[in-house]
Amino acid sequence: QVQLVESGGGLVQAGGSLRLSCAVSGRTFDNYAVGWFRQAPGGKERDFVAAVSRYGRRENYADAVKGRFTISRDDAKNTVYLQMNSLTPEDTADYYCAATTAIYLHAPVKSNEYAHWGQGTQVTVSS
């Protein structure tokens with residue numbers, strides 16, 4: 001059974017940075033594409049943030065975070081990271097990582113393409 005555990009959330013001032021981590025259990029981590037989604041306070045849906053394909057060969061980003069956020073993976077540690085820079089209050093949300101088995105260069109952007117989800121970590125950006 002695949003389990004995902006997020007960490008690294010917290011309170012940060014606008015303009016600051018955070019790095020989120022997503023630890024994925026299981027022996028076949030390199031078969032998974034992994035994505036990050038977020039749900040703002042009062043939001044009804046989880047919005048796509050970033051995704052990375054198997055072996056880190058392809059990355060996708062939401063327009064709102066391009067140039068500020070970077071997704072990466074360390075297959076030796078079964079961990080995916082989301083480096084978040086130049087944070088704004090609009091980035092305040094619960095952040096979730098998700099994983100799914102995927103073909104080689106596929107980095108899914110739709111939440112319904114992901115089979116496994118973590119419990120989330122909260123990010124609050126103060127103005």
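This is a predicted model: local features need pLDDT of at least 70, side-chain atom pairs count only at pLDDT 80 or more; totals for chains, interfaces and linings use all residues.
## The nonpolar core

The largest nonpolar core contains 35 residues. W36, L82, M84 and Y95 have the most contacts inside this core. Seven strands are named as suppliers: β3 (18–24), β4 (32–39), β5 (47–52), β7 (69–74), β8 (79–84), β9 (93–101) and β11 (121–126) each give at least two residues to the core.

In soluble globular proteins, nonpolar side chains tend to be buried together.

## R38 and its contacts

R38 is found in strand β4. Its relative accessibility is 11%, so R38 counts as buried, the limit being under 20%. The side chain of R38 makes two listed polar contacts: one of 2.9 Å with the side chain of D91, and one of 2.9 Å with the side chain of Y95. Leaving out residues up to four places away in sequence, the residues that R38 touches include E45, V49, F69 and E90.

## Salt bridges

The model has four salt bridges. In one of them R38 pairs with D91, and the closest N and O atoms are 2.9 Å apart. Because R38 lies in strand β4 and D91 in the loop between β8 and β9, this pair ties together parts that are 53 residues apart in sequence.

D91 also forms a salt bridge with R68, with 2.7 Å between the closest N and O atoms.

Another salt bridge joins K66 and D63, with the closest N and O atoms 3.2 Å apart. D63 has a relative accessibility of 66% and therefore counts as exposed.

S53 sits in the loop between β5 and β6 (59–61). At 0% relative accessibility, S53 is buried. A polar atom of the S53 side chain lies 2.8 Å from the backbone nitrogen of R58. Not counting residues up to four places away in sequence, S53 touches several residues, among them Y32, R73, Y104 and L105.

Y104 and L105 also belong, with Y55, to a nonpolar surface patch of about 270 Å². Y104 is placed in the loop between β9 and β10 (116–117). With a relative accessible area of 37%, Y104 is partly exposed.

Definitions and conventions: Residues are numbered from 1 along each chain as its sequence is written. Side-chain values use heavy atoms; hydrogens and water are left out. A nonpolar core is a set of buried Ala, Val, Leu, Ile, Met, Phe, Trp, Tyr and Cys residues joined through side-chain atoms within 4.5 Å. Buried means under 20% relative accessible area, exposed over 50%, partly exposed in between (1.4 Å probe, protein chains only). Helices (H or I, at least four residues) and strands (E, at least two) are DSSP runs, numbered from the N terminus. A polar contact is a pair of N or O atoms within 3.5 Å; within protein, one must be able to donate a hydrogen and the other to accept it, and residues adjacent in sequence count only if both atoms are side-chain atoms. Contact means heavy atoms within 4.5 Å. Patches are made of residues with over 30% relative accessible area and no salt bridge: like charges are joined within 9 Å, nonpolar side chains (Val, Leu, Ile, Met, Phe, Trp, Tyr) within 5 Å. Accessible areas come from the Shrake-Rupley method with a 1.4 Å probe; for residues, only the protein chains shown count as cover. A salt bridge is a side-chain nitrogen of Lys or Arg within 4 Å of a carboxyl oxygen of Asp or Glu.
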